[in-house]
Structure formats: C-alpha cells, structure tokens
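Open the model in a viewer and keep a selection panel at hand. The stops below follow one another, each with something to select.

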Amino acid sequence: MGQVEMVMPKMGESVMEGTILKWLKQVGDEIELDESVLEVATDKVDTDVPAPFSGVLQKILANEGDIVAVDKPIAIIETTQVANEIVKESSIVVPAMKEVQALQETTTIAKNFPNENLLSDNPNNGFYSPLVMNIAKKEKISATELEKIIGTGKEKRVTKRDILTYIKNRASSIVPQTEKKNSFVENTQTARSSAFQTETFQSQSLNGHEEIIEMDRMRKLIADRMVESKRISPHVTSFVEADVTNLYKWREKQKNAFKQKEGTTLTFTPIFIQAVVKAIKEFPLINVSVNNASIHVKKDINIGMAVALPSGNLIVPVIHKADHYNLTGLALKVNDLAARARLNQLKPDELSGGTYTISNVGTFGNVMGTPIIVQPQVAIMAIGAIRKKPAVIETDQGDFIGIRHMMFLSHSYDHRVVDGSLGGMFVKKVADFLENFDTEQKI
C-alpha cells in the first residue's frame, strides 16, 4: 500500500481557494474513484469534490471551515499497490493515476457492454469509472442512456453523484401523465414553496409575535453583492413595451417538433438572449466594465441568465461567447445550465466572466421589474410576462384595435457610463429585434 496526497482542486480559472464546508468521508472510510469526499465552497458556488483515485482515507489535513489555497494538500489517501508503484515512477501524481484509471475503465466498459459502442463522440470520451459502471449495471442503464448523462467530474466525466441524480430524476419522471404539471411557472413555484417550508426557513421563535430566520450562506452572499452593486452603480431603468405576437405564434408552432427532435423544451429565454446579443453588436458600449476611470470594452459577449433555485435563492450561470451559438445551440445551452444550476452541479467558471445579464421575471408572472446590476457589468435586462392585450395596430388602411401578445422589457444601467440615450436605445433595439423576429427560420 502507498500514500498519496489529495489536494484542493482548481475549480475555475478565477478561483484560487476554497472553504471546506463538510467532510463526507471520515478517517478509515474506503473511497472509490470519483466518489464525493467533501463539500467545498468558493465565492461562486458550493460543490462536491470527488476522489481523484480510490483507496482509504487515512488522514484529514484541513478541518471544516478552513480556507485552503488551490493545490494545497487537504487529505492523505492510502492507495492500492498498483497506484503506489506508478506514483513512485512519476513526480506528477494525477496524470499517472489518470492513465491507470483509463485502462481500468476501458476494460470495465468492454466487459459490461460488449455489444455497445461507448467510444462515440460523447462528452465523457467513452470513459466511466468502475463505480459508475457498477451502478449503471445494477440499475440496468444502457450504454446509450449512460452517454446522455452530463458529467461534472474532471474532464466532464460522470461521477457517482451524477449517475445517482440521474437515477433519482428518472424514477421521479415515471408518473401518470395527468399528474404532471403543465406549466414551468407552476413547477418552479411548487419547488420554491416546498423549500421555503422546509430547508431554507428553519426558524426559531423568541415569542409568539415574530420568528428569527437565519440566512444561509448563499443568501448572505447575495445580500452583500446587491448592497455593493447599489453602492457602486447609480441605477437608472428604462422601459419598453414590445409586440411579440409573431414570435409567440412561431414558438407555439415549433415547440413540439423541437421537443421531439432535441428531447428538451424550447423556451422563450434563448430567443431573448439572441435578441440581446444582436443589440450588443450594434451598441458595444453596453458590453463593458468600469475600472476606476477606465472603461473596458469586452470583445466576448458572455450572457448571464438569472435562475431561481428550489431554495428560493438566485444564481446566474453564464453562456460564454453567446454570439457563437445559433438559436438551437442557445436553447440547449440555456436548458443545460438551468437544470444543472438547480442540482448544484455548476462549475465555478460557468458562474463567472459575464458581460451582460438578463432576468426573465415573466417566469413568475411579473410584467416588469427593476433588476440590480451584476458587478462589474454595467447593465441588466428584466423580461416581463407575455400577456394578451388590446393594442392599436397601424396599417396602410388605417388603425384598428386587435388582440396582441405584449411584454415589457426593463433595462437597468449604470449611469456613471451609460447615459439615458444609450440605455434607452439599447432596450428599444432589443424590442425591435423581437417584434421583427424571423418567423420563417427553422430550428
């Protein structure tokens, strides 16, 4: 047997340290490859840290609550003889271990799925740990189905947590059709209501007239950042009402075919993001940050999208280089990030680097809002609910009243660097793109 140090992993380009929240394994426990060992918090996200190799946890070097720099040792794991011999031969532990794991995993795949081609072009490169493969075999998950699971481990490998979450969701989805909710809003509100009643609002009562609710860690971070943003940026908000009748009807015609083809829902969010991206290209001074007396114009268009978590908190995953995606690509990316955000499976890099943010308040039935800017960005847009309203329709034959699908766009911006003319023209341009949406395009 040999000993190998487990270090604090680098959980994002901008993340240099992590706070140990909880050890999921104790000294003497056996650990499988990719099995979650501890929970770590960064300033961006809380996440589980998987074991980089299998063995026995011999010693814990950092306690819960400790802040540990990236690449610093946090535990000692006693490994098998094979792993120990490779560690002795190499000064770099992880690559050597990776080669052994790859060999083991390839053998396991061939043994368990001899008639399936797992070496196809999938995010995991066809490699799965023995632990994941054993779970897949036990739960009768085919190779094809296994490929569809989104991996959150190193190099996008499927971890134990990923496959167990998939199994749980798969089981919960097998219910009679009549029991399923028909509205995303209803589903979200149900989840939020449940969370408010259980986990988030564990409270105590000092008397019969009031309760004290302790903020969780994420709520404290949100509170600090909202106060900081208001302190830094003088907020101004402009509003525009858009007629999205044609867009609405196009989406209604396309959504079933999209669901059948892609296996996921076509929401309005990717359409809104596409319109914002187009507007940024025409008004690049919206896509900036401020550093003292300098304005930094961003060449990449990285769109953040606010996602409500079951706990009631908000998180903002980022679609990097959103201008490189077509509408289908945006739809798939939006759904992927939103789903993993609610499962606490986002990586720190997926929560950083945003240059502009949208918040779809219409999801909760709100017609408009005045969102707070995500620093160091200088603007954010709230998308209101789409509602049928009587509206004046101008034609060559004259004006008349018709029933149209209307929505409000609310644009909050940093008045230090964005004047009313730029802020107002930008939101009007987004509305123009939505009103003149190309209804002939296929998806």
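Select Glu-30 and then Val-56 in strand 6, its bridge partner. Strands here, like helices, are DSSP runs numbered from the N terminus (H or I over at least four residues for helices, E over at least two for strands). Strand 6 (residues 55–60) pairs with strand 3 in the antiparallel sense over two bridges; two strands count as paired if DSSP finds at least two bridges between them. Now widen the selection to the open sheet of four strands, which has the order 1-8-6-3 with antiparallel pairing. Its edge strands, pairing on one side only, are strand 1 (2–7) and strand 3 (30–31).

Before going on, note that this is a predicted model, in which local features need pLDDT of at least 70 and side-chain atom pairs count only at pLDDT 80 or more, while totals for chains, interfaces and linings use all residues. Residues are numbered from 1 along each chain as its sequence is written, and side-chain values use heavy atoms, with hydrogens and water left out.

Next, select Asp-71, in the loop between strand 7 (67–69) and strand 8 (73–79). Asp-71 has a positive phi of about 75° although it is not a glycine. Its relative accessibility is 55%, so Asp-71 counts as exposed (buried means under 20% relative accessible area, exposed over 50%, partly exposed in between, with a 1.4 Å probe and protein chains only).

Find Lys-321 in the loop between strand 17 (318–319) and helix 10 (327–342). Lys-321 counts as partly exposed because its relative accessibility is 36%.

Move to the loop between strand 18 (356–359) and strand 19 (379–383), where Pro-376 lies. The peptide bond joining Gln-375 and Pro-376 is cis, with omega about 5°.

Now select helix 11 (residues 420–435) and check the distance between its end C-alpha atoms. They are 22 Å apart, which agrees with the 22 Å that its 16 residues should span at 1.5 Å a residue; the expected span is 1.5 Å times one less than the number of residues. Which residues of helix 11 are buried? They are Leu-422, Gly-423, Phe-426, Val-427, Val-430, Ala-431 and Leu-434. These buried residues pack against strand 11 (235–243), helix 8, helix 9, strand 18, strand 19 and strand 21 (398–414).

Stay on Phe-426. Leaving aside neighbours within four places in sequence, its contacts (heavy atoms within 4.5 Å) are Val-276, Ala-279, Ile-280, Phe-283, Ile-286, Tyr-356, Met-381 and His-411. Phe-426, Tyr-356 and Met-381 have the most contacts inside the largest nonpolar core, which has 55 residues. Such a core is a set of buried Ala, Val, Leu, Ile, Met, Phe, Trp, Tyr and Cys residues joined through side-chain atoms within 4.5 Å. Helix 9 (residues 269–282) gives the most to this core, with eight residues. A second, separate core has 19 residues, including Val-40, Val-68, Ile-74 and Ala-75.

Buried or exposed? At 12% relative accessibility, Arg-251 counts as buried. Not counting residues up to four places away in sequence, Arg-251 touches Thr-265, Leu-266, Thr-267 and Phe-268.

Finally, show the whole chain. The protein chain has 11 helices and 21 strands, and buried residues make up 43% of its 443 residues.
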